[in-house]
Amino acid sequence: ITDVMMPRLDGWALLARVREQDQTLPVIVMSAVDMRLRRQGAPLPDHTLFLTKPFDIAALLNNITRLIGP
């Protein structure tokens, strides 16, 4: 789970680095702004979800379960 807005390395850059190492590791990217529209139209990689903050904790837990299983 990572935020988009971070110092030095933003969430999209972190996601790119993760994908260089592992194409199937589940990743949840979150931001207070719906940043999906700012990714130059590129779709999110497989095994990746985007959540806009604030989000419901139950929804986060459901998404984690969906990505990694019960």
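Colour the chain by secondary structure. From the N terminus, the elements run β-α-β-β-α. That gives two helices and three strands. Keep in mind that this is a predicted model.

Now show the surface of the whole chain. Its accessible area is about 5,000 Å², and carbon and sulfur atoms account for 57% of that. Of the 70 residues, 29% count as buried. Take the contacts between residues at least 6 apart in sequence: 40% of them join residues at least 24 apart.

Next, select the aromatic rings. Which rings are stacked? The structure holds one aromatic pair. The rings are those of Trp12 and Phe50, with centres 6.0 Å apart and planes at 15°. Planes under 30 degrees apart count as stacked, so this pair qualifies. Trp12 sits in helix H1 (residues 11-21) and Phe50 in strand S3, so the pair ties together parts 38 residues apart in sequence.

Stay on these two residues and check their cover. Trp12 has a relative accessible area of 14% and is buried. Phe50, at 9%, is buried too. The cut-off for buried is under 20%.

Move along strand S3 to Thr48; the strand spans residues 48-52. Is Thr48 buried or exposed? Its relative accessibility is 10%, so Thr48 counts as buried.

Display the side chains around Thr48. Leaving aside residues up to four places away in sequence, Thr48 touches Leu15, Arg19, Val27 and Val29. Zoom in on Arg19. Its side chain makes a polar contact with the side chain of Thr48, at 3.0 Å.

How values were computed. Residues are numbered from 1 along each chain as its sequence is written. This is a predicted model: local features need pLDDT of at least 70, side-chain atom pairs count only at pLDDT 80 or more; totals for chains, interfaces and linings use all residues. Side-chain values use heavy atoms; hydrogens and water are left out. Helices (H or I, at least four residues) and strands (E, at least two) are DSSP runs, numbered from the N terminus. Buried means under 20% relative accessible area, exposed over 50%, partly exposed in between (1.4 Å probe, protein chains only). A polar contact is a pair of N or O atoms within 3.5 Å; within protein, one must be able to donate a hydrogen and the other to accept it, and residues adjacent in sequence count only if both atoms are side-chain atoms. Contact means heavy atoms within 4.5 Å. Accessible areas come from the Shrake-Rupley method with a 1.4 Å probe; for residues, only the protein chains shown count as cover. Rings of Phe, Tyr and Trp (its six-membered ring) pair if their centres lie within 6.5 Å; planes under 30 degrees apart count as stacked, over 60 as edge-to-face and the rest as tilted.
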